[in-house]
Amino acid sequence: SWLPKTIREEVQNTNQTHTSETTCLICLDEMEPASDPVTLYCGHRFCLDCIRKYGEAPINDHNSLKGSDKRCPTCRRLLCGDLLPTEYNKNYRSRRYHFGIDRHDATEPMLPMVHRGPHLLSDEQLRFECKAMIGKTEGTREDLLEELLAAMEKYATMGQGDGLHVGDKIIPTREEDLRIELAASTTLAVGTENPTMYVAPMRGPVVLPIEIKGVSILASISPNSVFTVVSPSIVDTFNLKTKPISSSQFRSPVGGRPVPVSAVVDELKFLLGNVEICLNNAFILRDSNVVRSIQLGMDFFESAIWARCSARIAGGMFVVTDGGYNKHMLMKYQADEIRYYSRDGKICQLPFIHVTHLDETHTMPVISLPDGHSTKFGECQWCCRYFPCDGMLKCPYNGGPTAREYRYYCDEECKTKAMVLCAGFGDV
């Protein structure tokens, strides 16, 4: 939107306050049965003809920056794929997001959701990070950013010698050989030739306080797991809505054994400090013993404009990671904490809580995808979830035989609701 963010939010709040469920927020007319009113996945109602025309219209020039997309006129969440022109849907929407992370962004629509890093921080966020990393807050934005990037390059683990001695282990400091695994209780080498070292925090696995439906719980965090994992007990306790989507694509890096997924949480909403986060690919594993509560994954890191975790691995030595977007940093005497910078300008700084006295046989609950990015993903045309194709329903575009010529749905519920929008659309 071309409106300043504060004004746009005020207008949206006014619209939500002064219009009823019988008013179309596009034409502003009362919706009669003859207008075939429909409710989108986000909950907002429109005349069927109005929302179809909105979906078919070209993206405005002011919204044509990389990362922009068709969104609900009211809440700015992604518009159902079946409302988009077929070629746009197949050639643009269906392949633009890595691992389907952040499909339900409701914040600044012009911000590229596939990007994160220090260059996207607000001025306040940048000064906060510079104070934490380089002890400086004064100067122009350009100077601060330049100094921060220089420090990141200086302390990057790439090329810092043969290794770091931690107890009886030598931890590699080359970027391609090192992973900091905040959910691990012991450091573990994976692979035989050129093994990757998953380094555990010195004081034990990390957990963070989060709040679900007003209740505080502790969640672990794994910067190497592709998606967040929720235990069945959490689903039952908080009565979370789930989708019966399963997949056989997920693997453990230890031995490459399959990690079967039995369902997906429809939307996992929680508070991290003062920041509200929504993840829509959090899944439930068939083996309920792998994760006992919630384990935040790469989708959690991707929900931020940037996130920085620093954890002690030996003596006064810390590894600083942002979930794999930039190189790890090896530094001395950092705070043992997470700094989460939200896409709407908020800052959350929380100290890590470490779990101690675990059994030495405690496993490393990292969940990955096959090497080579061979897993094919499909986007649900109703709710915009992006998930491995083997777990989704598919319908062909005019009988097209390839993955890009199919429309995907989470389940029959999503498909049925989308069919209302599809009716009479010809080639869809």
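Which residue forms a salt bridge with glutamate 129? I started my notebook with that one, keeping in mind that this is a predicted model.

**Entry 1: the Glu129 pair**

I looked up the partner and found arginine 308, with the closest N and O atoms 3.5 Å apart. The two come from distant parts of the chain: glutamate 129 sits in helix H4, arginine 308 in strand E17 (residues 306-314), and 179 residues separate them. Next I checked burial for each. Glutamate 129 has a relative accessible area of 0%, so I put it down as buried. Arginine 308 also comes out at 0%, so that one is buried as well. I then ran the search over the whole structure, which gave 15 salt bridges.

**Entry 2: H4 against H5**

Helix H4 (residues 123-134) packs with helix H5 (residues 141-154) at an angle of about 40°, and their axes are 10 Å apart. That angle makes H4 oblique to H5. I noted the crossing of H4 and H5 as left-handed.

Then I listed who touches whom. From H4 I have Asp123, Leu126, Arg127, Glu129, Cys130, Met133 and Ile134, and they meet Arg141, Leu144, Leu145, Glu147, Leu148 and Ala151 of H5. Sorted by class, this contact of H4 with H5 has eight nonpolar residues, five charged ones and no polar ones. Glu129 is among the H4 residues here, and glutamate 129 is also the one in the salt bridge with arginine 308.

**Entry 3: around Glu413**

Lysine 417 is at 37% relative accessibility, so I have it as partly exposed. Through shared partners, salt bridges join Lys241, Lys243, Asp266, Arg385, Asp411, Glu413 and Lys417 into one network.

I then followed glutamate 413 to lysine 241, where the side chains meet in a salt bridge at 3.6 Å, N to O. Lysine 241 lies in the loop between helix H6 (232-238) and strand E11 (242-243), while glutamate 413 is in helix H8 (residues 412-422), so this pair ties together parts 172 residues apart in sequence. Lysine 241 is partly exposed, at a relative accessible area of 44%. Glutamate 413 is partly exposed too, with 32%.

**Entry 4: positive phi**

Most residues other than glycine have a negative phi, so I wanted to see the exceptions. Where is asparagine 239 placed? I traced it to the loop between H6 and E11. Asparagine 239 is not a glycine, yet its phi is positive, about 50°. Its relative accessibility is 64%, over the 50% cut-off, so it counts as exposed.

I also logged lysine 213, with a positive phi near 50°. Lysine 213 is in the loop between strand E8 (206-212) and strand E9 (215-221). I have lysine 213 down as exposed, at 58% relative accessibility.

**Entry 5: the whole chain**

Last, I took the overall figures. I counted eight helices and 26 strands in the protein chain. Of the 428 residues, 52% are buried. Among contacts with a separation of 6 or more, 59% are between residues 24 or more positions apart.

Methods: Residues numbered from 1 in each chain as written. Predicted model: local features only at pLDDT ≥ 70, side-chain atom pairs only at ≥ 80, totals over all residues. Heavy atoms only, no water. Axes fitted to C-alpha atoms, helices over the stretch in contact; angles between N-to-C directions. Helix = DSSP H or I, 4+ residues; strand = E, 2+ residues; numbered from the N terminus. Parallel < 35°, antiparallel > 145°, perpendicular 65-115°, else oblique. Left-handed = near helix turned anticlockwise from the far one by under 90°. Contact = heavy atoms within 4.5 Å. Nonpolar A, V, L, I, M, F, W, Y, C, P; charged D, E, K, R; others polar. Salt bridge = Lys/Arg side-chain N within 4 Å of Asp/Glu carboxyl O. Buried < 20%, exposed > 50% of the residue type's maximum accessible area, 1.4 Å probe, protein only.
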